[in-house]
Amino acid sequence: MLDKLEVARALREIGMLLEVKGENPFKVRAYERGARALEELQEELSVVVAPNPADRLDRLTDLPGIGDALAKKIVELHQTGRLPLLDRLRAELPPGILELLQIPDLGARKIAALHAALGVASIPDLEAACLAGRVREVRGFGERSEQKILEGIRRLQSTEPRHLLSEALEMGERILAHLRRSPAVERAELAGSARRSRETVGDIDLVVASRDPTAVSTHFLEFLRIAEVIGQGETKTSVRLGGGMQADLRVVPPEDYATLLHHLTGSKAHHVRLRGLARDKGLTLSEWGLIELAGGKKLPIASEAELYQRLGMAWIPPELREDQGEIEAALAGTLPQDLIRLEDLQGMVHCHTRWSDGRATMEEMARAAEAMGMRYLTVTDHSATAAYAGGLDVDRLERQWEELARVQEKVAVRLLRGTEADILQDGSLDWPDAILERFDVIIASIHSRFSMDEEAMTQRLVRAMRQPVFKIWGHALGRILLERPPFACRMEEVLDAAAEGRAAIEISGDPRRLELEPRFARLASQRGIPFVISTDAHSPEGLANLRYGVGTARRGWVRRTEVLNSLPVEEFLRAVKPAR
Ligand code: DGT
Ligand code: CA
Ligand code: CA
Ligand code: ZN
């Protein structure tokens, strides 16, 4: 099944392929309009496409720009993930043709002309044709346009795409497991932004200690998901993986492993500061290790801790290495000693079940949380306003609580009655007061009207936080990584209101969210605001995202004592109990 954004992408692709084929512009625009309507849809597609076939087309055709024919295609894409028309178009046109549309000023019409005249079917084709001076010979093009196309290609190639941390770690860890199967590999680790738990990752960096670099790189290249070898040298190998991510492998003898791992972990800003400190001590720090300026002797360094110690400070956890005060703290001996760790968490906060838009039953979610060693699980399905996500009304909520009591009989993990309540436009929460007081846990989140201006949004949040039942702010600014920026509000003012209202803030491990941003977590800490680290899981597998929440929290210097779901259940309940 495709969601609305995926269906929108498919419609766009159809529109572009039709355009490249020189189809009627009206037809092309219809797909474009349909795609936009879906992207702007507030609800999930599964809600608009109701199980009743007559009904579903009616709801879809209510949307601007969607007629019967397009509605049928949307339903088919949504339900089967495929469409014969799209398959046919993809088969007719070369696969690289759409990437040409990324070049500025090169519309589908021009691409069609180049394709027809020169057989150009990809960016490399077009680049070669420009360099050979063949593009200027095509009708409608000249020397100037040839030059502009080349510039466009250069610019395109200089902006590297980024990937979600979860995807980079999943892939990176598979590669690590593969590497560690080689007897030539003594040690292997992920470095770079993935090791620092950055929310998005440019490429995967790997470091290996070995006496036999040739054997290691030969073994590395046997990894099944490699699509293309970009570069291969004595000790460096770069590949493109299926799916587009790049991975760089460096192999060094064991005695250089610690300093290279440290170097490749970064960040650059952190290293610039360390290099300055090293120089003050008569040393140079680089990827080659720590070397005495006078005489050029390399100091033996067996671990990162030893490297930091040589520079006069304590080991700094990778998530903190951003030159955001960690070096000063390490020098002063004031680095937090109790940064939150995955094993500190006792409770799973924020999950959805089939009662709203989750994919599993309450019992399945409970058993999965239990299997992870959790002591409690807050069941937080959506409130009524979130109709697109099957939000509960009071009647269904009462029945959910009955089920919760039944499931509780069968599982050891303590189930808490929760909700993810919408913060409405006026700042009120989406339940009657009498119901709000009966929850164990209320997560309050914004799911609609993201485009309010800064003033209105700030007021909406401040008003919400003044209510005594406001206890946990869910996925704060609503960003979706690589897709939707955070909404606008005056964050410091909102954090002041949260502190005053004694509310906690969620740090979401949902790989597409990873909110609260680290800089805001630190501002919240300064105000004494506590956190919960959650997954926003919609399935048992989703519970495994807790680690990404922990990584995000650590980047914000969050300590165990600040995380409410590191507490035993009774203390957790006291801390989040909605009160009036
Ligand atoms: P990414 O891949 O864009 O998400 O970010 P990183 O941090 O993984 O950066 P990447 O892959 O370009 O390089 C990995 C590490 O290597 C980086 O964190 C620090 C180190 N490094 C790379 N280039 C330089 C440089 O020009 N100077 C210094 N000091 N370190 C560098
Ligand atoms: Ca990297
Ligand atoms: Ca790299
Ligand atoms: Zn939510």
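Which protein donors does the calcium ion (ligand 3) have? They are Asp203 (OD), Asp203 (OD), Asp205 (OD) and Asp248 (OD), at 2.3 to 2.7 Å from the ion. Donors here are N, O and S atoms within 2.8 Å of the metal, or 3.2 Å for Na, K and Ca; water is not among the atoms, so sites may look incomplete.

This is a predicted model, in which local features need pLDDT of at least 70, side-chain atom pairs count only at pLDDT 80 or more, and totals for chains, interfaces and linings use all residues. Residues are numbered from 1 along each chain as its sequence is written, chains are lettered from A and ligands numbered from 1 in the order in which they are written, and side-chain values use heavy atoms, with hydrogens and water left out.

**Metal sites**

Along the sequence, the donor residues of the calcium ion (ligand 3) have the spacing D-x1-D-x42-D. Asp203 lies in the loop between strand E3 (200-201) and strand E4 (204-209), while Asp248 belongs to strand E7 (residues 246-252); the pair links distant parts of the chain, 45 residues apart. Helices (H or I, at least four residues) and strands (E, at least two) are DSSP runs, numbered from the N terminus. Asp203 also coordinates the calcium ion (ligand 2), which is 3.8 Å from the calcium ion (ligand 3). Asp203 counts as partly exposed because its relative accessibility is 22%. Buried means under 20% relative accessible area, exposed over 50%, and partly exposed in between (1.4 Å probe, protein chains only).

His447 and His475 are 28 residues apart, and both are buried.

**Ligand 1**

Ligand 1 is surrounded by 16 residues, and the closest are Arg162, Ser193, Gly202, Asp203 and Arg275. A residue counts as near if one of its heavy atoms lies within 4 Å.

| Residue | Distance to an oxygen atom of ligand 1 |
|---|---|
| Arg162 | 2.8 Å |
| Ser193 | 2.5 Å |
| Asp203 | 2.8 Å |

**A side-chain pair**

Glu517 sits in the loop between strand E15 (504-508) and helix H22 (518-526). Glu517 counts as buried because its relative accessibility is 12%. The side chains of Glu517 and Arg519 are joined by a polar contact of 2.9 Å. Such a contact is a pair of N or O atoms within 3.5 Å; within protein, one must be able to donate a hydrogen and the other to accept it, and residues adjacent in sequence count only if both atoms are side-chain atoms.

**The largest pocket**

The largest pocket has a volume of about 1800 Å³. Of its 48 lining residues, the closest to the centre are Asp3, Glu44, Ile480, Arg512 and Arg513. On a 1 Å grid over the protein atoms alone, a pocket is an open set of points with protein on both sides within 12 Å along at least five of seven lines, and lining residues have an atom within 4 Å of a point. Grid points are joined across faces, edges and corners, and a volume is the space filled by probe spheres set on the points. Helix H1 gives the most to this lining, with four residues.

Key. On a 1 Å grid over the protein atoms alone, a cavity is a set of points where a 1.4 Å probe fits but cannot get out, and a pocket is an open set with protein on both sides within 12 Å along at least five of seven lines; lining residues have an atom within 4 Å of a point.
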